[in-house]
Amino acid sequence: MTQHVSAPRDGTGKTLSTGEPPAWRTALARADVRTLSLLGVLAALVVIGGVTRPEEFLDTRNLQLVLTQASVIGVVTVGMTFVITSGGIDLSVGAIVALASVWATTVATQEYGFSGILFTAVLVGLGCGLVNGALVAYGRMVPFIATLAMLASARGLALQITGGRTQIVTVDGVLKLGERDSYVLGVPPLVLVFAVVTVIGWLLLNRTTFGRRTVAVGGNAEAARLAGIDVRRQRLYLYLLSGLCCGIAAFLLVVLSGSGQNTNGNLYELDAIAAAIIGGTLLSGGRGTITGSVLGVLIFTTITDIFALNNLQSDVQQIAKGAIIVAAVLVQRRTASTA
């Protein structure tokens, strides 16, 4: 005869704790460990940079440059984090950034000034995101194939628009944003935009129904559908969000470089995916972290800066990045197996 053992109770009849922490507390502890680990890696890189090149690396202008460069790919990574969390992938982000940047810097567009360039960059990003989302959500195409097709098409269109030439920006309002006179308390405007996008992204993923639906779709799309979530519409929105981030990043890149080129955004898709993965976002979907992704971007940008200051070859830099990605994936698998 099977005996059922009830949970221990106190004198008032309330159930006493069995000593096992609730699931949410365990998940929070793991998230904190990941964040602290990333902060530790970033701190170690800062120490290395400060020891190897103290005058150059710790110079205020160099630190501002690192943050500025991180801002462009960082905005792209925020959008990529949402897509990966939903179980998708977007290989076209770099090409979309290139297309948006060259379309926004044509002579016809620049005639409309600052607002024309900004509006065009964002609109092109949204348009490409809409196509990606429609193909994946309603065309039932595999995200890898759909975004790969967009990558090729956007790169080709960008090359056709520019004819292989660099398009120089002549709008003073855009160029001034990249000058030191426009810094706010020593912080470049591009970094402020990145900070705003990061905060909005964090709130959207962690404090809204949209974020919970994104995680649900990535965890189990069929279960999410049965729970009443419109999975196809959610995926469409996610690729629109990714395209929006690409459009914003394209404008930031135009401000940073003062030009539009068909080679802009080269390998951004790999950098964004890598930053999201080492930040703790599961490539299989179901879990994402904006904070981790941002730290991942800062880690990669700092590595690039240290290698450049020490005149080390780029191939060694790529090997180091590859090793970090492999280590991050192995840690993720070990964490998942012990969950």
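Tutor: Let's begin with C246, which sits in helix α12, residues 231–257. Helices here are DSSP runs of H or I with at least four residues, strands are runs of E with at least two, and both are numbered from the N terminus. Before going further, please note that this is a predicted model, in which local features need pLDDT of at least 70 and side-chain atom pairs count only at pLDDT 80 or more, while totals for chains, interfaces and linings use all residues. Residues are numbered from 1 along each chain as its sequence is written, and side-chain values use heavy atoms, with hydrogens and water left out.

Back to our cysteine. C246 has a relative accessible area of 0%, so it counts as buried. The scale behind that word runs from buried (under 20% relative accessible area) through partly exposed to exposed (over 50%), using a 1.4 Å probe and protein chains only. What does C246 touch? Leaving aside residues up to four places away in sequence, its contacts include V93, I96 and V97; a contact means heavy atoms within 4.5 Å. V75 also belongs in this picture: it is 171 residues from C246 along the chain, yet their C-alpha atoms are separated by 7.3 Å.

With 27 residues, α12 reaches 39 Å from its first C-alpha to its last, close to the expected 39 Å at 1.5 Å a residue. That expected span is 1.5 Å times one less than the number of residues in the helix. After α12 comes G258, which has a positive phi near 70°.

L267 is one of them, with a phi of about 65°. This leucine lies in the loop between β2 (259–260) and α13 (268–278), and its relative accessible area of 41% makes it partly exposed. L185 has a positive phi too, near 55°. You can find L185 in the loop between α8 (172–176) and α9 (189–206); at 86% relative accessible area, this residue is exposed.

Now turn to helix α7, which covers residues 143–162 and holds F144. F144 is partly exposed, at 45% relative accessibility. Together with V142, I145 and L148, F144 makes a nonpolar surface patch of about 360 Å². Patches are built from residues with over 30% relative accessible area and no salt bridge, joining like charges within 9 Å and nonpolar side chains (Val, Leu, Ile, Met, Phe, Trp, Tyr) within 5 Å. The areas themselves come from the Shrake-Rupley method with a 1.4 Å probe, and for residues only the protein chains shown count as cover.

L157 and A95 are 62 residues apart in sequence, with 9.5 Å between their C-alpha atoms.

Next, the charged pairs. Two salt bridges are found in a search of the whole structure; the term means a side-chain nitrogen of Lys or Arg within 4 Å of a carboxyl oxygen of Asp or Glu. One pairs E222 with R225, at 2.5 Å from N to O. Both residues belong to helix α11 (residues 221–226), three residues apart, which is about one turn of the helix. E222 is partly exposed at 41%, and R225 is partly exposed at 46%. In the other salt bridge, E56 meets R53, and the closest N and O atoms are 3.8 Å apart.

Finally, step back to the chain that surrounds our spot. It has 15 helices and two strands, and 44% of its 339 residues are buried. Of the contacts with a separation of 6 or more, 77% join residues 24 or more positions apart.

How confident is the predictor? The mean pLDDT is 88, and 88% of residues reach 70 or more, where pLDDT is the predictor's confidence in each residue, from 0 to 100. Over residues 1–8 the pLDDT is below 50, and this stretch has four contacts in the model beyond near neighbours in sequence. Where pLDDT is low, the predicted coordinates should not be read in detail.
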